[in-house]
Amino acid sequence: MRISRPLPIRLHTSHRTALAEHFLALGPDDRRLRFGTVLPDELVLQYVAGMDFERDEIFAVTDEDLRIVGAVHVAFAGHAAELGLSVSEDSRGRGIGNALFERAVVHLRNSGVRCAYMHCLAENQAVMHLARKHGMKIMYAGSESEAYLQLESATPTSYFVEWLGENRANGAEAFKRNARLARSWFELFAPG
Ligand SMILES: CC(C)(COP(=O)(O)OP(=O)(O)OC[C@H]1O[C@@H](n2cnc3c(N)ncnc32)[C@H](O)[C@@H]1OP(=O)(O)O)[C@@H](O)C(=O)NCCC(=O)NCCS
């Protein structure tokens, strides 16, 4: 599995199964860090079935086989929004978490949302690092913490950045789809 530069795409209801597969592949520790509890498979499936792709936004990074290797769920709550991030274990450390975070933030700015927050366990050094790096303020309460980011207003540049990011990501996704099709034809018709 190879991933070039991570370009998050916007997910739609047709991606529900692929998203469920991504969450189900997270081990118990990662599920606890992502959902706050070790969610069993049935509840992961219920969670995904209940996700509202119209009200919320979900952005994801896929690999060459179009499998989701990282996702951010942006759940809107008035003028604020909660981010839930996850990257598959074997795809970490390649900038996917950073790319998903930035994609979510530019979208929130352009949607007029003023505050983004993330619920993190204090032991979660990777997400704490990511939060601090992106200027989030962290409020500790025992083993749990909330990270907040006050968002700037939208500007012509932020609209352009989002438009460009979305188009590049859609172009890269279409390329991966065609390449996968070409691979399967090659496997079918290759001599021997
Ligand atoms: C947190 C998470 C999303 C990061 O994903 P990722 O794709 O590895 O992130 P990136 O590669 O973009 O970068 C992670 C950054 O954290 C740093 N990092 C990774 N592990 C770290 C650790 N244990 N301690 C401190 N920093 C760490 C990396 O060095 C990198 O730093 P940089 O951006 O300054 O180079 C991923 O680890 C994950 O899915 N964890 C399980 C679920 C979770 O914790 N979700 C968050 C709760 S909402």
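A polar contact is taken here as a pair of N or O atoms within 3.5 Å, where within protein one must be able to donate a hydrogen and the other to accept it, and residues adjacent in sequence count only if both atoms are side-chain atoms. The structure is a predicted model, in which local features need pLDDT of at least 70 and side-chain atom pairs count only at pLDDT 80 or more, while totals for chains, interfaces and linings use all residues. Residues are numbered from 1 along each chain as its sequence is written, and side-chain values use heavy atoms, with hydrogens and water left out.

The ligand is surrounded by 19 residues, the closest being Val87, Asn98, Asn124, His129 and Lys133, where a residue is near if one of its heavy atoms lies within 4 Å of the molecule. An N or O atom in the side chain of Asn98 is 2.8 Å from an oxygen atom of the ligand, and the corresponding distance for the side chain of Asn124 is 2.6 Å. For His129, a polar side-chain atom lies 2.8 Å from a ligand oxygen atom. Taken alone, the ligand exposes 960 Å², of which the protein buries 74%, with accessible areas from the Shrake-Rupley method and a 1.4 Å probe.

Helix 5 gives the largest share of the shell around the ligand, six residues; helices (H or I, at least four residues) and strands (E, at least two) are DSSP runs, numbered from the N terminus.

Seven strands form an open sheet in the order 1-2-3-4-5-7-6, with mixed pairing, two strands being paired if DSSP finds at least two bridges between them. Its edge strands, strand 1 (9–10) and strand 6 (137–141), each pair on one side only. Strand 2 (residues 57–62) pairs with strand 3 (residues 68–77) in the antiparallel sense over six bridges.
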